[in-house]
Amino acid sequence: MRLFVALHLPPALREALSLLRGSMPGVEWVPAPNYHISLRFIGEITDRHVMQEIDLALSRLSWKPFEATLTGALLKEGSTMDSLALGVERSSELDTLQSQIESLLRRAGLSPAKRRFQPHVTLGHLRTTERPAAIRWVQSHNLFRGKPMQIEHVTLFESLRGYEEQIYVPRAEYAWNPALQLSVEDE
C-alpha cells in the first residue's frame, strides 16, 4: 500500500476549486475528489505489522479543532513536471498538527519525512515547457482566498494507480480527540 496522511477537503470546497481549472493546453488536472492537503507522505508499506503501528500512532493524535484557509495560487517547479497549486495559510495549529504526526510516525519506526512541510492543494500537473502558460494561470488566480474550513480530523489515504490517474482511497480517519468516535456522517 502506498500511504499518506492528509486533510480531506469538504465537498463544497472541492467543487469550488474545480472551477479554477481552465482549458490550458497540456495540463493534467487533478480530479476534484483527490484534492487534499498533505501532512505526511508515508510511502509503500507492505508489512502488516508496520501498518498496525502507523494506525496506532495516528490514533494517538490529539489537538483542538482549528480553521485552515486556502490562499494564493502557486507554481511548484520541478525538473520535468511543474504543478499548479493553491497555498494554505500557515498557522501554528496546522504546523503543530503536522509536527505531531511526524513525531508519532517516527516513533512508530518510519524514516523522517524527506521534504519540508509546505501545505498546499495540487490542482494540476504540466510539463516544464508549458511554464509561461502556467505563470499566466498563477497570475490570474493569485488573489484566490477560500472560505475557512474546520479541521477536526485527519485521513490516512491509500494511493492507487487508476487507468490514467491516481485514485486516493480514505483508509482511516483520526478525530481531533482520540476519545471521539467518527461516524459515517462525518465522512
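User: How many aromatic pairs does the structure hold?

Analyst: A pair of aromatic rings is described by the distance of the centres and the angle of the planes. Rings of Phe, Tyr and Trp (its six-membered ring) pair if their centres lie within 6.5 Å; planes under 30 degrees apart are stacked, those over 60 are edge-to-face, and the rest are tilted. The structure holds three aromatic pairs. One of them joins F4 and F157, which are stacked, at 5.1 Å centre to centre with 15 degrees between the planes. F4 belongs to strand β1 and F157 to strand β9, so this pair ties together parts that are 153 residues apart in sequence. Please note that this is a predicted model, in which local features need pLDDT of at least 70 and side-chain atom pairs count only at pLDDT 80 or more, whereas totals for chains, interfaces and linings use all residues. Residues are numbered from 1 along each chain as its sequence is written, and side-chain values use heavy atoms, with hydrogens and water left out.

User: Are F4 and F157 buried or exposed?

Analyst: Buried means under 20% relative accessible area, exposed means over 50%, and partly exposed lies in between (1.4 Å probe, protein chains only). F4 counts as buried at 6% relative accessibility, and F157 counts as buried at 2%. The rings of F4 and Y168 have centres 5.1 Å apart and planes at 80 degrees, so that pair is edge-to-face. Y168 lies in strand β10, so its pair with F4 in strand β1 ties together parts that are 164 residues apart in sequence. Y168 is partly exposed at 23% relative accessibility. F4, F157 and Y168 form one aromatic cluster.

User: Which residue stands opposite F4 in β9?

Analyst: Helices (H or I, at least four residues) and strands (E, at least two) are DSSP runs, numbered from the N terminus. Two strands pair if DSSP finds at least two bridges between them. F4 stands opposite F157 in β9. Strand β1 (residues 2-8) and β9 run antiparallel and are joined by four bridges. On β9 (residues 153-161), seven of the nine residues are buried. β9 also pairs with strand β10 (residues 166-175) in the antiparallel sense, over nine bridges, and a hairpin of four residues joins these two strands. Within that pairing, T155 stands opposite E173.

User: What is the order of the strands in the open sheet?

Analyst: The open sheet has four strands in the order β2-β7-β6-β5, with antiparallel pairing. Its edge strands are β2 (28-29) and β5 (70-76), each of which pairs on one side only. Six bridges join β5 to strand β6 (residues 81-88), and K76 has S83 in β6 as its bridge partner.

User: How many salt bridges are counted?

Analyst: Side chains of opposite charge can pair when their charged atoms come close. A salt bridge is a side-chain nitrogen of Lys or Arg within 4 Å of a carboxyl oxygen of Asp or Glu. The count comes to six salt bridges. Among them is the contact of E89 with R145, at 2.7 Å from N to O. E89 lies in the loop between β6 and α3 (92-107) and R145 in the loop between α4 (131-141) and β8 (149-151), so the pair ties together parts that are 56 residues apart in sequence. Another salt bridge joins R171 and E158 at 2.8 Å, N to O. R171 is in strand β10 and E158 in strand β9, 13 residues apart. R171 is partly exposed at 42% relative accessibility, whereas E158 is buried at 9%.
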